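Hi,

Here is the structure I said I would pass on.

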Amino acid sequence: MSEATDNPRIVIEPAPLEWARCVRGFTPSWDGWRESRVAAGVARDGRVIMTGHQAQIWHAGILAKYLAVDAAVAQHGGADAWHAAWLVVDQDDNEAETIAYPKRGERGANAPVRGVWRLGAESAAGVPTAERPVVRPTGAASLNAATEEATAGLRAVRDALTKHAGAGHTGEGSAAAQIAAALADLMRPVRGGAPDAATVFATRLHATPVFGALLDAMRADPARCTAAYNDAVRVTPKARMRPLSTADGRIELPLWRIVEGPRRPVFADELATIPREELAPRALLMTGLCRLALCDLFVHGLGGGVYDTITDAWFAAWMPGERLAPTAVVTADVFADFGAAAAGLPTPVEADHAVWLAHKARHDPAAVGDHHAAARKAAILERVDAAKAAGEDPLPHYRALHDLLEDVRAERAAALENLDTAAAELREGAEQSRVIFDRTWPFPLLGEARLGKLREAIRSRFAAEKPAAAGRPA
């Protein structure tokens, strides 16, 4: 493996040195924040640093958030100690019953392919993990994983899930509670002795006073809540969040109703008839609620860092005067160790670039070093634009451009052939490299050595800071 793939690439924004300043500068504005923290099971005193994800066996980029929270908490003790909290997004209907893994291909471990281990029956569409039955994983030993680390990791996943098959809010258990408990076990060897954090389930947030207060605000003026939400969504299209519906005079709220079967949207005209314990916040309300009362810093991945900017704008319009805890973004790229199988392989980016360059070179003389022809092409394109602006026929100029490019292709045929050959060779290895350079393999499959490097790299980012303890402003 190259140095780029042998060592994790880590993103921490803002830089660790800024985390303490962000936290020290925040004081919850909502009066019931202490009671809400008690109800949620997180620390009442000190500072709470929260992160979380859906209930599934996720990849090392997500693990990096948890390791960063550990590293930050370890730096801050004393009277105003920092405490970790983990949010389980169990109102989501993400696919939790399958695990992707690197599998030996037809040519053995040196040509791995993407395998899928199905842990249990596929759930019906829309059913959140809080309402799914526990999984009973079997067959881990026969999966024929491509690396020793993946083989050991699959067995560890099987054992952890089996151990916690009874986990849940009731005696019947749930997939979300089972997976959350299994993840805690699977992370423990990687976390280097860090204590387990308080675990908060999104479907249990209804029991907190802050949820009740936000629910009261929705009941009092649902149109204002939804209008502010939709305005914030519209100004952040890159987050790809769907606006709430206001069709047919019905106002959709940022809530799910979770009983048996698929989760259901909640509308203002039915809110009075739904028991509070059947309600769960959608994504933006969930993080807004947590940042309003349950934590002093929320650590996102890349996607959450984008969509939670909507939460900032929404709450600023809907709940003016209330402060939300600051956010940070953490992620990492950690690759499995395929040894000799990775030698000489292009990364997917390199393969894609070679294909792009071979195509581009047929239309851009500068790509094959003919800058004189490139200048002539630019001049012809200017004449095309001028002809269009004057209402004249640009076709003669297009023909001149076609002739120019044909001449360049003939003169530079050898260079173009070399680019085509390089692209073809890289394309041949591209599919293999997409397996070998896949950053999304579940973290238990990467082995403790690689994950230990990730932990130590993150710790080293925080080790430079040893701030003086500072109490919470009154």
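Two strands are taken as paired here if DSSP finds at least two bridges between them. One more thing before the details: this is a predicted model.

With that rule, there is an open sheet of three strands, in the order S8-S7-S9, and its pairing is antiparallel. S8 and strand S9 (279-281) are the edges; each has a single partner strand, so one side of each is left without a neighbour in the sheet. From one strand to the next, the twist averages 50°. Helix H7 (residues 209-220) packs on this sheet and touches S7 and S9, with its direction at about 135° to that of S7.

Now zoom in on the S7/S8 pair. Strand S7 (residues 252-257) and strand S8 (residues 264-267) run antiparallel and are joined by four bridges. The hairpin they make has six residues between the strands, and in it Gly-261 takes a positive phi near 85°. Trp-256 has Pro-265 as its bridge partner in S8.

Which residues put a charge over it? The charged end of Arg-263 sits over the ring of Trp-256, 4.0 Å from its centre. Arg-282 lies over the face of Trp-256 as well, at 4.0 Å from the ring centre.

On to the other sheet. This one is open and has six strands, ordered S1-S11-S10-S2-S3-S6, with mixed pairing. Its edge strands are strand S1 (9-13) and strand S6 (198-201), each of which pairs on one side only. Here the twist averages 25° from one strand to the next. At the S6 end, strand S3 (residues 82-89) runs parallel to S6, and four bridges join them. Within that pairing, Val-88 stands opposite Phe-201 in S6.

The structure holds nine aromatic pairs. One of them is Trp-58 with Tyr-66, which is stacked, at 4.8 Å centre to centre and 20° between the planes. Tyr-66 also pairs with Trp-86, this time edge-to-face, at 5.6 Å centre to centre and 65° between the planes. Tyr-66 lies in helix H4 (residues 60-74) and Trp-86 in strand S3, so this pair ties together parts that are 20 residues apart in sequence.

Cheers

Terms used. Residues are numbered from 1 along each chain as its sequence is written. This is a predicted model: local features need pLDDT of at least 70, side-chain atom pairs count only at pLDDT 80 or more; totals for chains, interfaces and linings use all residues. Side-chain values use heavy atoms; hydrogens and water are left out. Helices (H or I, at least four residues) and strands (E, at least two) are DSSP runs, numbered from the N terminus. Axes are lines fitted to C-alpha atoms, for helices over the stretch in contact, and angles run from 0 to 180 degrees between N-to-C directions. Rings of Phe, Tyr and Trp (its six-membered ring) pair if their centres lie within 6.5 Å; planes under 30 degrees apart count as stacked, over 60 as edge-to-face and the rest as tilted. A charge sits over a ring if NZ of Lys or CZ of Arg is within 6 Å of the ring centre and within 35 degrees of the ring normal. Contact means heavy atoms within 4.5 Å.
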